[in-house]
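Biologist: Could you walk me through reading a fold from its contacts and strands?

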Amino acid sequence: MSDTRSRIYRHIESHPGVHFRELTRALDLATGQVQYHLARLDRVHSESVNGRTHYYTSSFDPWERHAIAFLRRETARDALVMLIECEAARPSEVADHLDIARSTLEHHLSGLVEHDIVEKRRSEGRVTLALCRPDLTVELLAAVDPKAPDRLSDRFTRLLDRLFESG
Amino acid sequence: MKPLSIGGHLGAGGWDIAAVVVLSAVAGAVLCGLALAAYRQRGTRAYLLIALALAALFARPLIALLSGFSVVSAPTHHLLEHALDTVFVVLVLGAVYYARTVEKRLDEEGL
């Protein structure tokens, strides 16, 4: 394996769910170079979540790959942390606790529910949110942390959500 | 009558203006990028209009730079800047108008 290729692999190994752009930036490589090597690294998996491609080593299964992608987004991460702490909560409680617009929460929930990370339990016409696999979610929480550009992007989207929803 | 400006604004000695314009272009690019990312996540018209409005804002320092290198004449620069201001305002108003459809969709889903 070439030196560049093993550098890319090691970076993905230590930063599970890393973005393509983050790889080029962190390793100071050209876009084409990273594309070339990624195509030849068969031990690397990619997952596209909300239009962004994340990379992982084969030690993570598809469920873990999706969970990691969400844990790299500040708002989704905050919602997951809240559900770890209180086990189950109503959507309005989560939105109030995180001080986000309902639409922001619902946008994140749609992905989390689709990939079986969070479930919506319905009883007597009321919806309660809970984690599908709490123990595994806690384990992954420690493995990843959102990066500054992700946090900035997340906060700006949250700001727009709130502006559009208020009034 | 003294003309407002002749030729390039950023000619000799205009380093202060050049620095402000470059800073404005960089900050504008970051803001525009954030708005595009928000549109990509939400995909609704209101977010698209905000992204386009911020693109118009980002275009202002670019035109100032073109004017600085005398690619665009001063009167054209002046006209384009005011035109971009108008575009910005109209797009933000459009986003405010379409924001209601986001709320309505959530109401219909019973959330």
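Modeller: Let's start with contacts: two residues touch if their C-beta atoms, placed from the backbone, lie within 7 Å. In chain A, among contacts between residues at least 6 apart in sequence, 61% join residues at least 24 apart. This is a predicted model, where local features need pLDDT of at least 70, side-chain atom pairs count only at pLDDT 80 or more, and totals for chains, interfaces and linings use all residues. Residues are numbered from 1 along each chain as its sequence is written, while chains are lettered from A and ligands numbered from 1 in the order in which they are written.

Biologist: How many helices and strands are there in chain A?

Modeller: Helices (H or I, at least four residues) and strands (E, at least two) are DSSP runs, numbered from the N terminus. Chain A has nine helices and six strands.

Biologist: And how do I read a sheet?

Modeller: Strands of a sheet pair through backbone hydrogen bonds, either parallel or antiparallel. Pairing here requires that DSSP finds at least two bridges between two strands. One open, antiparallel sheet of chain A has the order β1-β3-β2. Its edges are β1 (18-19) and β2 (44-49) of chain A, each with a single partner strand, so one side of each lacks a neighbour in the sheet. Six bridges link β2(A) to β3 (residues 52-57) of chain A, and Ser48(A) sits opposite Thr53(A) in β3(A).

Biologist: Which strands form the other open sheet, and in what order?

Modeller: That one runs β4-β6-β5 in chain A, also antiparallel. β4 (88-89) and β5 (118-123) of chain A are its edge strands. Ala88(A) stands opposite Ala130(A) in β6(A).
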